[in-house]
Amino acid sequence: INRPKAKNAISKNLVKMMFEAVEDIKKNKKVRSVILCSLVPGIFCAGADLKERAKMHQSEVGPFVSKARALITELGSLPVPTIAAIDGAALGGGLEMALACDIRISSNTAKMGLVETKLAIIPGAGGTQRLPRVIGVSLAKELIFAARVVDGTQAQQMGLVSHSVEQNDSGDAAYLRALELAREINPQGPIAIRMAKLAINQGIEVDLSTGLAIEEACYSQVIPTKDRLEGLAAFKEKRQPHFKGE
């Protein structure tokens, strides 16, 4: 994300450009993982573009929020692992974007919060649904009701981010940690990773026996793959496997 003058605020144009990027990723079978980060120092994403919002007619606000919600839903349903690297402030819609990613990594100095109630509105791009699923209902209510902002260290303690790393002089510590993680994920079987993500995402929403049936259905997709045979051959030959996503 790179809108330095507007602190990466979510505008109509940013939503359009991100939709296009997400569509490109979906079509590209070579993509093994995605890192969502900011090129603006000290800011991940400051949320909705309130200057643009102030100029909108009341009738335009609902459709725009729907479009932003749809974008974040699309981001959440990308078939490959997604990592949000939060090196600066992630507020409102910015945090909602990060919540749609599979894994969040922040610097210890990053600031995060769903601050919408300060503007007499509520999180409208999935925040009321994803935050409780990530950190639990009571804590999510507390943060949303109070419009509270937490730093990276606090965010890790409550499980909002998986890792909180010491910020460096160049201000990209979370991004570098996200790269490390992506490099751990990328050599694994790509179809297996996609199926594991699907099984987890769908299974978490249902009861255990339905979830186990989903796992079985996803497992059946990996059995006929060339990658599975390559994995077995590599194990037998004591070498690194070379997966092709086939």
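Author: Isoleucine 72 is buried, with a relative accessible area of 2%. Buried means under 20%, exposed over 50%, partly exposed in between, with a 1.4 Å probe and protein chains only.

Reader: What kind of model is this?

Author: This is a predicted model: local features need pLDDT of at least 70, side-chain atom pairs count only at pLDDT 80 or more, and totals for chains, interfaces and linings use all residues. Residues are numbered from 1 along each chain, and side-chain values use heavy atoms, without hydrogens or water.

Reader: Which helix does isoleucine 72 lie in?

Author: Helix H3. Helices are DSSP runs (H or I, at least four residues), numbered from the N terminus.

Reader: And what is isoleucine 72 in contact with?

Author: Leaving aside neighbours within four places in sequence, Gly93, Glu96, Met97, Ala100, Ala125 and Arg130. Contact means heavy atoms within 4.5 Å.

Reader: At what angle do H1 and H3 cross?

Author: Roughly 25 degrees, and their axes come within 10 Å. Axes are lines fitted to C-alpha atoms, for helices over the stretch in contact, and angles run from 0 to 180 degrees between N-to-C directions. H1 and H3 are therefore roughly parallel. That label covers angles under 35 degrees; over 145 is roughly antiparallel, 65 to 115 roughly perpendicular, the rest oblique.

Reader: New topic. Which residues of H5 are buried?

Author: Gly127, Leu131 and Ile135. They cover an arc of only 25 degrees around the axis, which puts them on the same side of H5. The arc is that of the directions from the helix axis to the C-beta atoms.

Reader: What covers them?

Author: The cover includes helix H4 (93-99) and helix H6 (137-146).

How values were computed: Helix = DSSP H or I, 4+ residues; strand = E, 2+ residues; numbered from the N terminus.
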